[in-house]
Each structure stands twice: as structure tokens, then as C-alpha cells.
Amino acid sequence: MSVPLLALAGLVRRYQADRPAVIDGLDFTLAAGEWIAIMGESGVGKSTLLNVIAGLDRADAGAVRVDGVELAALDDDALTLLRRQSMGFVFQAFHVLPYLSVGRNVALPLALNGVPEREIRPRVAAMLVDVGLEGMFERLPRELSGGELQRVAIARALVHRPRLVLADEPTGNLDPKSAAQVLALLGRAVRAHGGGGLLITHSRAAAASADRAYEFDGRTLVPLTVP
Amino acid sequence: MRPAASITTALAVFAAQLRDRPLRLVVSVAAIAVGIALAAAVHLINASALAEFGRATRELSGTADLAVRGTKAGFEESLYVRLASRPGVRVASPVLLREAALVAGGTLPIEGVDPLLAAALRPELYGELAGLYVALLAPDALVLSASAARDLKLVRGDWLSLRVGGLERRLQIVAVLPAEATARRMGLMDISSAQWLTGSVGLLSRIDLRLAPGLDAARYAAELQLPAGVDAMTPALEQARAGNLTRAYRVNLDMLALVALLTGAFLVYATQALAVMRRRRQLALLRALGVRRGELRLAVLVEGAAVGAVGGVLGTALGWLIARLVLSLQGGDLGAGLLQTATTRVATPPLALALFIALGIVVAVAGAWLPARRAAEVAPARALKAGDEEAPAAVRDRLVLASVLLTLGAGCAFVPPLYGLPLGGYASIACLLAGAVLLVPAFVAATLAHLPTPRSPLLALLLARLRNSIAQSAVSLAAIVVSFSLMVAMAIMVHSFRDSFERWLGAVLPADIYLRVSPAADTFDLSTAAAATLAAVPGVARIELRRTTQLSLAPAQPPVMLIARALPRSGDSLPLVGYPVATDPTLPVAFVSEALRDLYGVQPGGVLELPIAGRAVRFGVAGLWRDYARSTGSVVVDLASWERLTGERRYTEASVWLAPRAAAESVRTAIEARLQGGDALQVIAAGALKQRALAAFDRAFAITYALEAVAVGIGLLGVVLAFAVQALARRAEFGMLRHIGLRRGQVLRMLAGEGAFLAAVGVGYGLLVGLLLSVVLVYVVNRQSFHWTLDYIVPVGQLALVALVLVATAALTAGISGRVATSGAVVRAVREDW
């Protein structure tokens, strides 16, 4: 039996001892090649779940395994390396560095992973073609629209071919047309690179772009049918 | 929105932000307060000392309209007879001022007066002596002021022993004046007794005149036909003369104190500019809600004014307290030894205090001016867009304005002194500094452009960030550039001065032991007999005698020092500036100091008239000599000429050369034992004398170092604050970098690297600007203030150490700011909209 890309077992995250747990005994697995959406009300713990999976927040109980690696066994440096090599992130607010060109923003993960400069440029150029930003390597972020900025962020999240892509409300700041384009691109790109991904969203339309959708209530992920 | 309402709303938004993050407010207020406090303290201490001097002058001359004064040695009392009988003179009161050496140690100023005449002019002082006139006529009767009695622990009926010309004299205290009569520490005697006691029979120090009503005192003084070296001055002129003596030093200190304030202004500028950058969204929101550009600008200025007002009030109060503390601890002298007064009263001129508060507001508003303009320029639609960042302000084309200021600064350096002050030099420094600050962005950009792109992704990221934030970097560097460049300039000036001074001491103190009749004691002279005794002391190979005395060359100027010593016509033994010139061989030669040349327009090759022995004597000016001891001017003449002109054989100083193998200390002790000059005679080895002189020099400049240190501290605070503010503003960026795989340590190292790099650029640029300013300080401000030239020397080690400390502190601070900004905020940081 193959090892799941992501496995959560009895995951608990509690912020205060006298308050109910935000995540209370969650079990879940994600196979390689899957692109799923997680919906839920505000404050239910969707982002907390994403952070725990990314190793940016620690679980109080239970286990998180990425490609079979137990995160609790890793120290901060090892978690950082895991994120650097195996994960990609897309944020609602883009977080594209304003002082780097589009190409250099996308190249960041490659540079951090020690990819030689001669390889970086063609890989970034190819990635920019993939996300529809061909020829924009030298452009500065302030010259781009919101949709284009999010494409840069997606290119950055995928350029180093991560195993797991985590996207938190990636279309929250975009108009419907741009949102649809970004979601289609994200799903296609995740699948194309052979990894898997989680999409946190409030939007049913966004959820519909994923392979499967779930409603998160803090304890379980309930399969959801979206049109 | 109505204007008032919109400004109030904008201010309410700003206030809420400040409440949320009060650090910026606290630092801005503190910077203004410290700057104002220093400026106010220095000004109030000097003002208090001058006011005390004025009080003493008024007390001395009482209700007199004119004071006729000679040199310290005095003038013939026949002048009194002539003046007292002049028409228009209602009262003429003769005074003899002497400093007596006490057997128990120390000295006591003694004032000899005619009690009846003096009481007419100074009833508040001599009115107390009613009933004691007869007792005071006794030759050994002395009246002590309350402070003198307290200091000497004497009461009425006690005896006080003085040493006069090697002999001991005893005086009986016949009365002690009440404390309210005078604050001065002094003794009063009948003038005849005082003349006899101090060996000054036939001499007077001053004559106070009250004129008939309606007479113009100044015009009357001009008609008096006084002998050479004797002046008649109104009390106002006498006070102005004291002011002239200390003015250059006081103004320089005031300017130095203002440096701290100027740095504070740059700090306000930096904090406001950074705040405007951070508040971009909020400012855009206010614009979108209907606040006009002008209203927004005004709101930022009002905020600046409020900071200035609070800082101004706090700073003025703090300055007053510092002044009070300093006055109670060390009197009114701030190091130059020119204003030694016993005052502990702080002058509290309401207008000056109000001006300091206003200065705080002006400085803060000036600091907020450019940021306010920038706030008004924010484009609302663009700034409110998600993901928008402020476009990196291109290095603005300020080259033209900078060039104008630099040219103006260079031109001002050639302006001659105005009102005896180096105002052109100050203007030059201000223009050069302003021009240099305008060029900071260009300098940073040029430096960054010349750096190769590093292979390390971390360094590449750092460099990209720096290249994109030149405007922010320039803002945060302004304060450090200003304070560090001024510190560099001051350090070079002081170091050049100290080095020149040390070499000058070596030149003017070539002997092994020096004897000096205490300048405070008038009751001991080195006579020819004493000189013979000195020459006969075992171990003494050779002696050289000198006579120093003060001469008044112009009523409004402080007296100049005449030094009569063995002097060849070539001036060989003097530290000369340039070469000696030929003079009229029929005239005795004189070498004048640079100060005397500047103040009286005397040039080598010309003729100088000196009032000696009551007549004007012509000397051929054979050259200039460097004199760091007297900024009011000095002249050196040959001792033989002096003795011939005056017939005097009394000396005030002597140099002693030791015989081979003679021990300096034993010879020194033997001289003290043989001459028995007591406290009135200082016998000191050359080494100790040099050390004492250098210690006095260091004391004089201690306050300048302290003021500079505060200015640099404020500058550093500006950098620290800029890093802290920027680090907090960049939390989301750090959060994203942590998400994509940067370790926290790497982020912190990146920040520390940024801090170190920016500080190094600021310090490097400050060093260049400082070198430029130091040339103005050494060759213009110092030259015009004190009238002496210096050798230009750069204290490389000292400057390198300060530069290193500044860069290390900046790196450390940037790292600490980053630690705060990255602590546990990774998750939350990326959720914040940036």
C-alpha cells in the first residue's frame, strides 16, 4: 500500500486549556495527485489546520505525516527545510515581494534550495509560461494587476515542484473572472506536477474547481457536494 | 467634510494609532526634549553667570556713572586729585583692589575704599559700616563679607594673618557684613591701610565717579584725557566687555547645543516620514473619505507641532533643572574658566523660556514638513488596492538644490567675522550639511549600484531590498549622517587643537622648573633680590625672568597681556607664525599674538603703541607668535626694554634650568624654602605644568564632547527607531519568507546585515561630510572665534572606534528589532494585509 501524501490522525489543536479545541481529533488522508477544497464557517479552524499541516503551528495531540514523515519528530530547522523543499504556499494577500522582479519572486524557492543560477532562469521562464505570465520576468509587482500578482504567487508556490501545495483563500482578493482563471491554473498545475494540495476557501465556486470538497466543522471533514 | 472637522478626524485617527503604538511618539518627544534641554541648559548657565557678573559689576560701581579703571597693577593716585576736582564730578570714590595671600592658605580679595565717599555711591554695601568709620581707620582693621567670614571661620574680634612680600601681617576683624549686603567673598579696608598693607602706596585700581545730573557719561568719559592704559567706562560698557571676553566661547557652546536639537529635528523628520510610509493606506482612506490634500498636510504638521510643544515644554523644564544642578555643583563656568562666578541662581528669563518652547515646535514642524507634503501626495485609489506597495521613491532630482547649498556653504566660509563672531562659518556649516543631507539618497544609490549581485540568495535578497528602499534608507540615515558628521568635525577640531596645544606647550616651556607669582595674589613680587636668591639655589644652572602685566588697548575690548622677557630681535625662542620681519631699528621690537593682530589690526612690519608707565610707547612689530593661552591678545617685548621704560625690577614669572644631574623635585623644594612665597608663589616642574595645562584643556572641551555624544546618541536613536518601525512594518514579508523555507536565524541575519550595511554607509558618508565640515571648523570658526591657527590633524583611531561602535550598534539593533518582529508572528503575519 502506498504512503499517503498527507495523513492526519487524531489531530487536536487547542489555544486555551479552558476553551473547546479548535481542531478536535481530526483524521484525514490525502493521496498524491489529489486537489481538494476545504470549506467552513469563519473561525472554525480552517487556517489553523493549514498551519499545523505546514508545521508552522504545533498540534497538541495526534499526528501529522507528510510523505510518511512525522512532523512532531522534526525540529524547527527540519520543518523549515521540509517547507522549503516539499511545500508551496499561496496566500490571500499574495505576498509578492515588491522589491524583486516577477522572475526573482518566482525564483526564490529555487534559490533557497540551492538550484544553480543557470537552471533557475529557464525553469522560472517555463513556470511563467505555465501561469500565463510569459515575458514578464523583469516586470515589477507594482506594474501588475491583482490577478497577475496571484499568478506570480502560484508560480512561486509551484516552481520547485513541491509535493504539497497549501492555498489559503487564494481568490479572496480577486474578481470572479480572475478567480476562475487562477483556480483552474492552480488545480491544473498541482496535478501536472504530481503532488497534491489543499485549498481553503469560502467560495463554493472555488470549491467546485477541486477534485473533492469537504465542510470542516472542527472535528471532521464532511464530504460536500458542490455543483 | 468641513475643514476643521476633517482635520480633527484625521488627527483622531493619528492619535488612535499613536495610542496603539506609542514608541514613535515617545521617541520623537524625547528627541526634541533632549535637544531643547541641552540648548536651554547651556544658555541658562551662561546667562546666569553673565547676570551674576552683571550684578557684581553693579555692586562694585554702585550708582556711579563712570568707572575709571587701570590695569591690575593700578595707576598713580594723582589722577584721583585731578578727576575729583573736575567740574561735573559730584562724587569721586577711589578704590584699590588687591588679592592677598593668606598664611593659612588660599587668597582673599581685599577692597580698599574711602568709607565716606564709597557710602555715597554704594549705600547698600557701605551703609552697613555706619559707626565703624573710626574703627576702620586703624591700619590693621578689616571688615569681612558674610561669605568670607563663613569661609574663613572668623568672627568679629578674630585676627587674620596675611603674607605680604614674604612678611606676615595680621589684621583684626572689626565687623562682618550681613549676608544681604553682598554675596561676594571679600574683605574691606580703609584705602590708605590697604595701600600700605599691599605695598601699593600711591596706587589706585579704579575711581568711581558720579556726575552732575544731565551730563552724558559716555561723552564725559571721552573728554577725561586719561593716561595711557587707563579707561573710563560706563557700567553698561564694563558689563559688555565681560560679555565680549566670553562671547565666542558661549556662542560656540550654544551652537553645539543646537546640534543636538538639529539632530532631534532630523529624528522627527525620520519618524514622521516613516510614519507616513506606514500609514499609506490610512492616509489614502482618509482621502477617500473626503479629507482634502491640504487638510491632510495640515493634520500631519499639527501632529508635529504637538510633538514639538510637548518636547519643548519638557525640554525647557529639564534644561532649567540641569542648569540649576550644574550651577550648584560647579558655578557658572562651563569649562573655559572665563565665567567663574559663585552663583547658584538660575536666570529664568520668561521670554527665553518661551522661545525655547517655541523652538521645540518650530523644529518639530520643520521635521514634519516634507513628510506632510508626502502624505498629501498619496494617491488614494492606488494605495487602497490590495497588494499595492509604495513605489520606491526615485532618488529625487535634488542635485541642483544640493549643488546650490554646497556652493553657498563654500562661499560663506570666506565671509569675515561679523560682530566678532564666525557667523559666516556657522552658515557655511549649515549649508554644507543641508546640501550633504540632500545627497544622501544619491550616495546610497551610487554605493548600491556599485555592489556586485551576490551569489548567496540571502545576500541577493538583502541587496534587492536595499536597492528598492533607498528613500526609506535615506530617511533613516539622515539623523546619523548629521550627528556623526558634526561629531567627526568636532573631533578633528578638538584633536587638532589639542595636538597643536601640546606642541606649543613644548615650545613655550623649554625650562625644567617654572615660578609664577599667583595671578590671584598681588602681595608678592619676584624682586631682584628674590631673583638672586633663586639663582643661588644649589642645582640651578640658569634662570630667566619675565614680567607679565595687563594692558588696556581699547575701552570696549578685554585687556591684552604684555609679556616682557629676554627676547632677541629675531624672536627665536618664540613659537612664531611665519617669519620675523625687519622693523625700524630705532624702535624696540614686539611680537604680537594672532588674536592681537585680528582684534586690533596690527600687522608685522607695522608699529604698535603700548601704554607703559603712563605714556604711549612705540614698538616695531617684528612678527606674529602663536599664543593658545590668551584669546584676547598678547604682546611679547624684550625685558630689558621694559625695565628701561618702567624702571621696574619686579618680575612675575621665572624659568629655571637645572644643572647637570640636579634632581628637579629637590631643587623645586629648595626654591620654595628659600623664597618663602607661600600660596602667592607657585613653583612647579615643567612636566607637571604641562600636565596641568592639558588637564585644563580637556576640562574645557569635556562639555563639547558631552554635547556631541548626546547628538550622536539621538542620531543613533533615529536609526534604531527606523529599524524597529521598518521591521514591524515588514512582519508579513518575514512571515512569507519563513513560509517558503527561510530559517528565523537567516531572516535575523539578513536584517542585521541590512542594519550594518546602512549604518556603514551612513557612517562612511558622515565621515566624508565631517572631514569637509572640519575644514570649516578648524580654519574658519575656530580661527574667527579665538583668533589662533591650528595644525590640521585627523584622529584616525578615535574616529574608527566610534564608527565601529555605531555600525555594530545598528546591526545589533536591527537584529533585535527583527527578533521582535519575527517572534511567533509567522502565521499571523501572512494574514495581515500589507
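Okay, let's start in a loop: A:D67 lies between β4 and β5 (69-70) of chain A. When I say helices and strands, I'm talking about DSSP runs, numbered from the N terminus (helices are H or I with at least four residues, strands are E with at least two). Phi of A:D67 is near 50°, which is positive, and this residue isn't a glycine. Most residues other than glycine have a negative phi. The cut-offs here: buried takes 20 or more other C-beta atoms within 10 Å of a residue's own, exposed takes 12 or fewer, partly exposed is in between, and the C-beta atoms are placed from the backbone.

Quick housekeeping. This is a predicted model, so local features need pLDDT of at least 70 and side-chain atom pairs count only at pLDDT 80 or more, while totals for chains, interfaces and linings use all residues. Residues are numbered from 1 along each chain as its sequence is written, and chains are lettered from A and ligands numbered from 1 in the order in which they are written.

Now, A:E169 has a positive phi too, about 50°, and it's not a glycine either. You'll find A:E169 in the loop between β7 and α6 of chain A. A:E169 counts as buried, because it has 20 C-beta neighbours inside 10 Å.

Let's zoom out to chain A as a whole. Its secondary structure comes to 7 helices and 10 strands, and buried residues make up 49% of its 227 residues. Take the contacts in chain A with a separation of 6 or more: 70% of them are between residues 24 or more positions apart. A contact means that the C-beta atoms of two residues, placed from the backbone, lie within 7 Å.

How confident is the predictor? Chain A averages a pLDDT of 86, and 99% of the residues score at least 70. That score is the predictor's confidence in each residue, from 0 to 100. Among the elements of chain A, α6(A) has the lowest mean, 81, and strand β4 (residues 61-66) has the highest, 93.

Next, the sheet. In which order do the 6 strands of the open sheet in chain A come? They go β6-β7-β8-β3-β9-β10, with mixed pairing. Strands pair if DSSP finds at least two bridges between them. At the edges stand β6 (87-90) and β10 (221-224) of chain A, each with a single partner strand, so one side of each has no neighbour in the sheet. From one strand to the next, the twist averages 25°. At one end of that order, β9 (residues 212-216) of chain A pairs with β10(A) in the antiparallel sense over 4 bridges, and A:Y214 stands opposite A:P223 in β10(A).

Helix α5 (residues 146-158) of chain A lies across β6 and β7 (164-168), running at about 170° to β6(A). Helix α6 (residues 176-192) of chain A lies across β3 (35-39), β6, β7 and β8 (196-200), at about 135° to β3(A). Those angles run from 0 to 180 degrees between N-to-C directions, and the axes are lines fitted to C-alpha atoms, for helices over the stretch in contact.

Over to chain B. Strands β17 (residues 607-612) and β18 (residues 615-625) of chain B pair in the antiparallel sense over 6 bridges. B:V607 stands opposite B:G620 in β18(B). The two strands form a hairpin with 2 residues between them, and B:A613 in the turn has a positive phi of about 55°.

The 16 residues of α16 (residues 423-438) of chain B should span 22 Å at 1.5 Å a residue, and the end C-alpha atoms are 23 Å apart, which agrees. The expected span is 1.5 Å times one less than the number of residues. Buried residues in α16(B) include B:I429, B:L432 and B:L433. The buried residues of this helix pack against α15 (399-412), α17 (440-449), α19 (470-508) and α26 (744-786) of chain B.

Chain B also has some glycines at exposed spots. B:G506 lies in helix α19 of chain B and is exposed, with 12 other C-beta atoms within 10 Å. B:G506 and B:K690 are 184 residues apart in sequence, yet 8.1 Å apart in space, C-alpha to C-alpha.

Last stop, where the chains meet. 23 residues of chain B are in contact with 27 residues of chain A. On the chain B side, α18 (457-468), α25 (731-739) and α28 (826-831) each supply at least two residues.
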